[in-house]
Amino acid sequence: SSVTSRFVIGADGASSTVRKLAGIPIDFATDKPLQHLLNIHFLAPKLKPLLNDRGMLYFIYNKAIVAVVVAHDLDEGQYVLQVPYFPPYQEFSNYTPAVCAKLVEDCIGHSDVDFEIQSVKRWTMRVAQARHYQTLRTSGSGGRDNVFLVGDACHEFPPAGAFGIGTGVGDASNLAWKLVGRYSRTSVRDTVHPALHLLHSSCL
């Protein structure tokens, strides 16, 4: 099936397909990633009563593990354990189900808390910025200028400080406000990239 629209907004993350199809290059601030991490999504409904507070982030430092736990839903017991690993000394393939289960056990610290691992994925922390936040008439878009990028599709920040979510929401709000008719099409084209690109560059 196909959809016809006046505009396309790429809000499809750091590996943005929209950005690639539009021919918009992305520039990385460093030659190598800042960090490699595992995301271990696990279910532990009995963990909540053991927590002293009801925070979202829990930083774990002990002899067995250094990690961060993100509490996505305390009532349901949905957590994500983020563990750094260091190629080439450690590779993603080293983290078998048994190894990941041991990491979760070391994180929880209570042998009587049952848990079930839902998934294990990896992600790479990088700092990057798309060269343009919209297609240009000279880019690989067939001369069209109606494709825009927002959020991680056009910039990547480390999670500290919530720059990613903060700027992502700002991108979407800024663009939507202009597209609904407050600006002419020419003004949208001329204002989205210059203002936001400069702002995000100062955050990198």
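Strands β3 and β6 (residues 78-85) run antiparallel and are joined by 8 bridges. Within this pairing, L38 of the chain stands opposite V83 in β6. The model described here is predicted.

Strand β3 (residues 35-43) also pairs with strand β7 (residues 116-125), again in the antiparallel sense, and 9 bridges join the two. Here H36 stands opposite T124 in β7. A further antiparallel pair is made by β4 and strand β5 (residues 66-73), with 5 bridges between them. The bridge partner of F59 in this pair is V68, which belongs to β5.

The table lists these pairs with one example of facing residues for each.

| Strand pair | Bridges | Facing residues |
|---|---|---|
| β3 and β6 | 8 bridges | L38 and V83 |
| β3 and β7 | 9 bridges | H36 and T124 |
| β4 and β5 | 5 bridges | F59 and V68 |

**The sheet as a whole**

These strands belong to an open sheet of 5 strands, and its order is β4-β5-β6-β3-β7 with antiparallel pairing. The edges of the sheet are β4 (57-61) and β7, each of which pairs on one side only. From one strand to the next, the twist averages 25°. Helix α2 packs on this sheet and touches β3, β4, β5, β6 and β7. The direction of α2 makes about 80° with that of β3.

**A residue in the helix**

D106 is part of helix α2. Is D106 buried or exposed? Its relative accessibility is 18%, and a residue counts as buried under 20%, so D106 is buried. Apart from neighbours within four places in sequence, D106 is in contact with N62, A64 and I65.

**A cis peptide bond**

Most peptide bonds are trans. The bond that joins P87 and P88 is cis, with an omega of about 5°. P88 sits in the loop between β6 and α2 (97-108).

**A nonpolar patch**

Which residues form the nonpolar patch on the surface? They are M56, L57, F59, Y61 and V66, and together they have about 580 Å² of accessible area. Strand β4 gives the most to this patch, with 3 residues. F59, already named as the bridge partner of V68, is one of the patch residues. V66 lies in strand β5. The relative accessible area of V66 is 46%, which lies between the limits of 20% for buried and 50% for exposed, so V66 counts as partly exposed.

**The whole chain**

How many helices and strands does the chain have? There are 4 helices and 10 strands. Read from the N terminus, the elements follow the order β-α-β-β-β-β-β-α-β-β-β-β-α-α. The chain has 204 residues, of which 36% count as buried. Among contacts in the chain with a separation of 6 or more, 67% are between residues 24 or more positions apart. The chain exposes about 12,200 Å², and carbon and sulfur atoms supply 56% of that area.

Notes
Residues are numbered from 1 along each chain as its sequence is written. This is a predicted model: local features need pLDDT of at least 70, side-chain atom pairs count only at pLDDT 80 or more; totals for chains, interfaces and linings use all residues. Side-chain values use heavy atoms; hydrogens and water are left out. Two strands pair if DSSP finds at least two bridges between them. Axes are lines fitted to C-alpha atoms, for helices over the stretch in contact, and angles run from 0 to 180 degrees between N-to-C directions. Contact means heavy atoms within 4.5 Å. Buried means under 20% relative accessible area, exposed over 50%, partly exposed in between (1.4 Å probe, protein chains only). Patches are made of residues with over 30% relative accessible area and no salt bridge: like charges are joined within 9 Å, nonpolar side chains (Val, Leu, Ile, Met, Phe, Trp, Tyr) within 5 Å. Accessible areas come from the Shrake-Rupley method with a 1.4 Å probe; for residues, only the protein chains shown count as cover. A salt bridge is a side-chain nitrogen of Lys or Arg within 4 Å of a carboxyl oxygen of Asp or Glu.
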